[in-house]
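Subject: Structure for you, with notes

Hello,

Here is the structure you were waiting for. Please look it over before you read on.

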Amino acid sequence: MAAALGRSVARFADFLRDHAPLLRRLQWGIVCIYAFLLVVPPLLPLPGSTASVFNHLTIVAQFAFWGVWWPFVLVSIPLLGRAWCGWLCPEGMLTEWASERGQGRSIPKWMRWGGWPFVAFGLTTVYGQLVSVYQYPLAVLAVLGGSTMAAIVVGWRYGRSKRVWCKYLCPVNGVFNLLAKLAPWHFKVDEQAWRNPVIRIEPVNCAPLVAMRHMKGAGDCHVCGRCSGYRGAITLTPRSPEHEILHVAQGDAWQTALICFGLMGIAMGAFLWSASPWFVTLKQWAAVWLVEHDILWPLLDNAPWFILTHYPEMNDSFSWLDGACILAFVLGSTLAIGAAAWVAAWAADRVAGSGAAGPRQAGPRQAGLHRLAQAYIPVAGVGVFLGLSATTITLLGHEGVPTAWADPARFTLLALAVAWSLRLAWRLLAQRKAAWPRQLAAWLLMAAGLAPFCAAWVLFFAVW
């Protein structure tokens, strides 16, 4: 059965390789749909209270982008790897197309900085909240359209037929890299066959700039299939969804920051603030303090729409105080939730020690805190999906679709993600030489680090 599955998966990769022109036409089709939904809705009047997907294009675009596209792209990554990037992503297609015709300059050192995935994700997430990207087409044009234009410019300027934007600057590159580590397949490299190829070697353009010979995991690979069979050494191969985290991934400081402070902190604050009574309390307290001290300009709502939400015709405009409170709430959530996860992983690493793998786990060298933090990837990814799918549920409810099933499904999914993360933590800790009481204590610390994260979702879905 396993051998038959492996052959089927390998044949599929060969199909992708042999039908690259068909795949590119599919990508251009997605680009056209994306551009239409991005550009046309801002030209239309804003939808009224009776608008729906059946009578207003803006609602269609809103549902397409935030009800379907982003939530289920996230779902696709742990299932298929970064197939979205290689098969369908409009930005990936456009940046590579521009790179084929561009200046071909070398990639600058500043662009290779390892912190861009975290910084780009954080800035995009927070800015999207300030301009209400889930509600208004102009905000969508600013956030998604701005990102797409930047991808085209970077592609035109740097590399030659490469996806430099995707590799270094895409706001979700880091998120996709983490989630792809859970994918049940990857392109496996046979090093012996690489050194001694027995077939004709055709040149391969790896657009996402993966070092193919040394490829061990699925985090950077876009699953485009171009390298399938290269030198008789690269084959798309099934694997355990836990294999990469347990035996390949080492992590680093920026990945740990993205997991704990990005996906579990910044994203949570962005999802929670609009429903939180604590946000209202914070805003009211600040407003009273400002009035008592005769500081009134922060209460004005005169910021342009591309800085803060400003749609007076919809009775929806943010004051400068609103923007400041959103930033404060997101920062507070990042510290309360993200720091708890980081400290728990740090403490667990100290308790378990940094010994090498035992005789039954002659696998990779232990990498301390950053390796252990990889166990949080399932729960962090599910958290982002739950937040984005809240928009899906809201839109479905607006269209009259029953949504009573939503909360049980949410808590079930969250429980499964927590269980998977704790299983990964236990297996990572078991690779160390520490005695079992220390391993158990370290595991309990990892579990405790998830308590604020889970409590936030309980508040969001069941209390607020």
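This is a predicted model: local features need pLDDT of at least 70, side-chain atom pairs count only at pLDDT 80 or more; totals for chains, interfaces and linings use all residues.

Overall form

The protein contains 19 helices and four strands. Its C-alpha trace spans about 75 × 60 × 45 Å along the principal axes. The radius of gyration is 23 Å, which agrees with the value near 23 Å that a compact globule of 464 residues would have.

Domains

The domain assignment gives two entries: domain 1 covers 1-180, and domain 2 is made up of 247-354 + 363-463. Their C-alpha centres are 23 Å apart.

The contact between them

On the domain 1 side, 41 residues are in contact with domain 2, and these meet 40 residues of domain 2. The size of an interface is often given as the accessible area lost when the parts come together. For domain 1 and domain 2 the buried area is about 3400 Å², with 76% of it on carbon and sulfur atoms. Three residues, F118, L130 and L178, supply 21% of the area that domain 1 buries against domain 2, which is more than any other three residues do.

Four helices each supply at least two residues of the side of domain 1 that touches domain 2: helix 3 (57-80), helix 6 (116-130), helix 7 (137-157) and helix 9 (173-179). Helix 3 gives the largest share, with 10 residues. By class, this side of domain 1 has 29 nonpolar and 12 polar residues, and no charged ones.

Regards

Technical notes
Residues are numbered from 1 along each chain as its sequence is written. Side-chain values use heavy atoms; hydrogens and water are left out. Domain bounds come from an automatic or database domain assignment. Contact means heavy atoms within 4.5 Å. Buried area is the accessible area (1.4 Å probe) that two parts lose on being put together, summed over both. Ala, Val, Leu, Ile, Met, Phe, Trp, Tyr, Cys and Pro count as nonpolar, Asp, Glu, Lys and Arg as charged, and the others, Gly among them, as polar. The radius of gyration is taken over C-alpha atoms; the globule rule is 2.2 Å times the number of residues to the power 0.38.
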